[in-house]
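Hello,

Please have a look whenever you have a moment.

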Amino acid sequence: MCLGGPAKAHPHVFVDARTGFIFGADGQLEALRISWTYDEFTTLILFESLNLDQDGDGQFSDSDRAAIIAGETNWDRAYKGDVYLEFAGQDYPLGRPEAAAVTLNNNQVEVSFDLPLSHPLRIDNTSVFLRLYDPFFYYAYTIVPAINPPNLPEGCQAEIVPLEPNAAESALQDKLAALGREDIPAVENIGRLFSDEVQLTCG
């Protein structure tokens, strides 16, 4: 996404994220369901940069939706979509977005898609952690409850664990707020420090 405007601090883009877990008939975790709802300013930038809703009817055309999907889900090979799944203490590899869709709700763009796991994963008495974060903290994701999450198998539950920064992390947030748009935080993978998470447990 190509963003402009007067923002002067990290983060610059604010996203409400919803998540879900898709299981196969054999009880293995097969995919994640992800949606991003962008803040109103970012939505405005999307409208301007992609020249959306040219007829001014307040609705997206098929070409509008295709342009947004192309920009938001056709990731280059190195990009992980700011989506990280941890199993047994390790990042679990994910595929590329599928079944992408776009809606406009309350003047905010929402992009949703399914993200398949590289291989189905059986979860037995081991927690899986799902986090959404931008390593450079340019984007800030807040995980909120899904409206219609996929049903979980019996014995499984998913819990959102919001970030509760300690004093040192709060002080670091204040320092980040002073950075300009072109500044890169000195701490590597800093977005991980400020990420909400979803904990999935089965068994």
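**The largest pocket**

The biggest contribution to the lining of the largest pocket comes from β6, with 4 residues. Before I go on, a word on the source: this is a predicted model, in which local features need pLDDT of at least 70 and side-chain atom pairs count only at pLDDT 80 or more, while totals for chains, interfaces and linings use all residues. Residues are numbered from 1 along each chain as its sequence is written, and side-chain values use heavy atoms, with hydrogens and water left out.

The largest pocket holds about 290 Å³ of space. A pocket here is an open set of points on a 1 Å grid over the protein atoms alone, where a 1.4 Å probe fits, with protein on both sides within 12 Å along at least five of seven lines; lining residues have an atom within 4 Å of a point. The volume is the space filled by probe spheres set on the points, which are joined across faces, edges and corners. Of the 16 lining residues, Arg 33, Ser 35, Glu 110, Ser 112 and Asn 148 are the closest to the centre. Two or more residues each come from β1 (13-23), β2 (29-38) and β6 (108-121); strands are DSSP runs of E, at least two residues, numbered from the N terminus.

**Aromatic pairs**

The whole structure has 12 aromatic pairs (ring centres within 6.5 Å, using the six-membered ring of Trp; planes under 30 degrees apart are stacked, over 60 edge-to-face, the rest tilted). One of them, Trp 36 with Tyr 141, is tilted, at 6.3 Å centre to centre and 50° between the planes. Trp 36 sits in strand β2 and Tyr 141 in strand β8 (residues 139-143), 105 residues apart. Trp 36 counts as buried at 2% relative accessibility, and so does Tyr 141 at 7% (buried means under 20% relative accessible area, with a 1.4 Å probe and protein chains only).

Tyr 84 and Tyr 133 are stacked, at 4.3 Å and 15°. Tyr 84 belongs to strand β3 (residues 83-87) and Tyr 133 to the loop between β7 (128-132) and β8, so this pair ties together parts 49 residues apart in sequence.

**The open sheet**

Here 5 strands run in the order β4-β3-β7-β10-β9, with antiparallel pairing (two strands pair if DSSP finds at least two bridges between them). β4 (90-92) and β9 (156-161) are at the edges with a single partner strand each, so one side of each has no neighbour in the sheet.

Best wishes

Conventions: Buried < 20%, exposed > 50% of the residue type's maximum accessible area, 1.4 Å probe, protein only.
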